[in-house]
Amino acid sequence: MTSTIQQQHSPTELFAHALRHENRANPYPAYERLLQQPVVQMADGSWLATGHREISLLLRDPRISADRLNPQQQPIRKSLLLEDPPRHDQLRHAVTQQFIPRIMGMRDHIDTLVTELLDAHTSEQPGELDVVADLAYPLPVTVICELLGVPREDERLFGSLARRLTRGLDPVDTQTEEEIHQLQQARTELVEYLEGLIARHNAEGGSDLLAGLMNDQSPDGPMDAIDLRVTLGLLLIAGHETTVNLIANGTLALLRHPGLLARLRTDPDLATPLVEEVLRYDPPVQMSGRSALADIDIAGTTIPKGARIRLLLAAGNRDPRRFADPDQFLPDRADNAHLGFGGGIHYCIGATLARAEAQIALTALARRLDSPHLAADPPPYRENAILRGPERLPVTFERLLPDPLGK
Amino acid sequence: MTAPDAVTAPERIVVIGASLAGLRAAEALRDEGFTGELTLIGDEPYAPYDRPPLSKAVLSGWLSTDHTELPRLRDIDARWLLGTPAGSLDTDTRTVTLADGRQVGYDRLLIATGTRSRPWPAERGGALHGVHLLRSRDDADRLRTALVAGPERVLVIGAGFTGGEVASVCRDLGLEVTVTQRSGAPLASALGGVIGGAAARWYRDAGVDLRLGTTVHALEGDADGRLRRAVLSDGTVVAAEVAVVAAGALANTEWLAGSGLAADARGVACDAYCRALTDDGTPLADVFVAGDIARWPHPLYPGQLLRLDHWDNAVAQSRTAAHNMTHPPHEHRGHRPLPAFWSNQFGMNLKCLGLPALADQVVVTQGALDQRQFVAAYGQRGRLVAVVAVDAPRVLDGYGALIEAQGPFPPVLNATDGPDRLEPLDAGFPRTAPAAVSRIADPSAGHLPAPSTPLDPPAPPIQSTPSAESTPSTVSTPSVPSVLAGHE
């Protein structure tokens with residue numbers, strides 16, 4: 001049972017309420033209250049932006065830095081996620097040059113992977129599928145491993161690392177001592193793993209993304225060893241811990257809206273707007289962070305130079321000033337300019353890939369599951385508040401049909 | 001009895017102009033719930049198509065003109081009268097007469113006839129075979145055919161946006177190109193001399209023979225009437241078999257002569273609600289204007305009428321007009337977009353917000369001019385009025401709110417990729433002398449109504465037309481100065 005939200009709660013209390021694990025399944029009522037003030041200062045001196053317009057502006061504001069870490073938190077080398085121009089632009093350019101050509105024309109391959117994953121559970125009898133463990137997690141992990149050139153059998157190792165590391169993205173005050181200790185250890189293990197991977201890869205070569213980054217012939221030249229390791233780590237973790245939630249959250253929305261599930265079964269074109277609506281209604285990445293390089297006048301207040309800012313993307317996606325009926329799941333809504341992939345120069349590099357994976361996975365589920373129902377609603381959620389999604393998503397069915405297209 | 005009763009719901013709506021603005025207006029009218037008879041009239045025989053690709057993907061051969069048709073956002077259930085231009089308008093009887101004599105009545109009319117390329121004068125070689133304009137898909141097909149034939153050299157007259165895009169494609173196709181530009185830099189009237197100076201380097205790095213401060217005196221042909229050479233103002237002669245005239249645009253308003261509307265070669269004046277003004281300045285309740293042809297007062301730019309040759313504006317203004325055409329005056333919306341346009345040339349994406357031509361100063365805020373990736377902010381008397389981003393499109397929107405808020409210039413940004421200290425420069429816009437503005441007489445001038453209160457403009461019109469090669473003509477003098485920001 002979630003605690004109720006009292007009218008008199010301050011934004012700081014509302015935000016803490018939304019972050020509590022017991023409210024993970026539905027932080028949206030707290031967001032709705034927070035939206036009354038689109039930009040607000042928190043008790044710890046940081047700022048919280050919830051309004052769609054305000055977040056959109058801040059994501060694109062030249063007075064904004066992506067580096068929101070405390071000085072004592074600063075890593076040896078920042079990934080492009082935390083890096084600013086011009087270094088950000090060089091790193092991002094190097095990655096997109098390798099990434100984009102490799103994901104073009106991948107839909108058929110993703111389709112094959114989805115088919116194989118579901119074929120393993122094909123059944124003429126009633127049964128149960130854990131959509132997270134059986135589809136939503138292995139699909140993007142397989143794809144990112146293949147893309148990067150990471151051995152799929154390493155998943156056992158870096159999968160747990162990724163999970164522990166992403167917990168470190170959450171606000172520090174929501175983490176336990178034990179978790180913070182684990183985080184340090186996970187970081188060390190990841191560095192060792194990635195360095196070993198790069199060293200071995202160097203010897204073996206190949207045509208994958210990692211090899212491409214190592215052999216980059218562009219004017220800026222190949223990345224140095226540290227940039228390579230940091231970038232590889234980012235892609236690996238991002239490929240692991242985001243799309244899984246998009247597919248799981250999409251499945252959840254479909255099962256809660258049987259009419260849409262039935263529509264998707266017969267109208268595969270629905271998959272495109274449907275996934276956009278999942279990205280709005282229940283985005284895999286709930287918030288992002290920035291800091292102010294200069295005073296920023298916004299929403300009747302001034303975020304001062306040096307302030308750290310949280311951008312609550314998932315709240316902006318429910319802003320009634322931007323979206324009619326924001327709490328309704330409506331794939332047919334026009335002009336769905338959600339913040340699910342962020343915006344501005346840090347807009348998700350993997351957006352196209354994530355969309356394709358989710359569209360194909362959800363369409364296959366709709367076609368192949370006969371009479372699916374949520375075994376638990378809400379399902380159990382992971383601890384993570386920022387990369388938020390179900391821990392497990394057990395779905396019962398009457399039958400799990402073979403691939404209707406007979407591939 | 002024909003007195004218009006604009007308060008009653010319209011039963012017949014006629015849209016003149018079947019391009020981007022006309023089509024989007026028709027769709028928006030249906031979105032607004034208009035269920036009556038809807039007629040679209042266009043002078044070209046084609047279904048509405050997209051013009052920006054013509055000077056880019058079509059010329060380069062990536063896209064055929066068959067594939068430029070605009071996507072339909074919804075079914076509009078309209079009567080299409082294509083291939084015949086409108087000939088005249090009678091606002092008393094609410095009748096449009098087509099050039100072939102057919103008559104169409106309306107309860108509400110939308111004027112979206114757009115602009116056309118300023119032609120090269122016939123007496124200076126404009127009729128020679130090999131002299132091209134680039135506005136319609138037929139123009140693009142003809143020019144593409146001429147470029148594929150592999151001319152020894154292409155002459156581009158005007159280094160505005162269209163001229164730059166054409167020159168860029170020509171170089172991509174391996175063709176030799178000479179570009180003439182009246183002012184001291186490409187894009188000078190749109191973006192000023194500082195950014196234009198950077199653009200000059202793009203031209204020259206791409207291998208374009210760029211002749212600045214130079215105009216074409218005459219185009220000359222052989223006995224068969226084929227273009228052979230151009231005589232330039234500096235006396236030099238350039239041998240070329242193909243010339244592309246990219247010298248700005250003229251509004252398609254001739255058909256409105258005698259209509260009583262405030263229309264001239266610069267466009268049709270309307271109010272902020274897109275209602276057409278008569279030549280005594282009274283808004284008509286049943287005639288609306290949208291797109292390239294509209295000139296209207298914008299609250300960000302007081303004291304002048306704004307005209308935007310921009311794709312984004314055509315879409316936004318047609319939607320505002322459609323809303324207002326189907327709603328009573330107290331529910332009308334004003335049209336006050338932040339001007340925005342883009343161009344692709346020499347491998348770069350160029351995007352702009354606001355009106356650079358208003359500026360007195362410019363400052364690079366991110367990147368550097370010689371890096372081919374930068375953002376520059378424009379200021380007018382200490383406030384931010386525009387921003388241009390070269391190969392940095394994702395950062396641009398952040399500046400939009402600062403422009404709308406009329407934020408300070410130079411802006412305090414501390415951008416991580418900005419210079420240590422912002423050093424504003426004179427923006428370097430060519431200031432056209434008043435005499436020069438009306439120097440080029442427009443043949444249509446005689447057909448146009450004179451305004452009832454002719455006044456000389458207090459200052460020369462501020463212009464940022466696609467090309468600086470020639471300036472737009474001032475035919476009938478406006479009661480307020482004109483701001484032109486031209487691009488496709």
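Reader: At what angle do helix α7 (residues 138–148) and helix α16 (residues 351–368) of chain A pack?
Author: This is a predicted model: local features need pLDDT of at least 70, side-chain atom pairs count only at pLDDT 80 or more, and totals for chains, interfaces and linings use all residues. Residues count from 1 along each chain as its sequence is written, while chains are lettered from A and ligands numbered from 1 in written order. The two helices (DSSP runs of H or I, at least four residues; strands are E, at least two) have axes 11 Å apart. Between their N-to-C directions, on a scale from 0 to 180 degrees, the angle is about 140 degrees.

Reader: Which residues of α16(A) make that contact?
Author: Contact here has C-beta atoms, placed from the backbone, within 7 Å. From α7(A) come L139(A), P140(A) and V143(A). Their partners on α16(A) are L353(A), E357(A) and A361(A).

Reader: Is D335(A), with its 6 C-beta neighbours, buried or exposed?
Author: D335(A) sits in the loop between α15 (313–316) and α16 of chain A, and its phi is positive, about 55 degrees, although it is not a glycine. Buried takes 20 or more other C-beta atoms within 10 Å, exposed 12 or fewer, and partly exposed lies in between. With 6 such neighbours, D335(A) is therefore exposed.

Reader: And what is R94(B), with 19 other C-beta atoms within 10 Å?
Author: R94(B) lies in the loop between β4 (86–90) and β5 (95–98) of chain B, and its phi is also positive, near 55 degrees. With that count of 19, R94(B) is partly exposed.

Reader: Which residue does a cis peptide bond join to D377(A)?
Author: The bond has omega of about 0 degrees.

Key. Contact = placed C-beta atoms within 7 Å.
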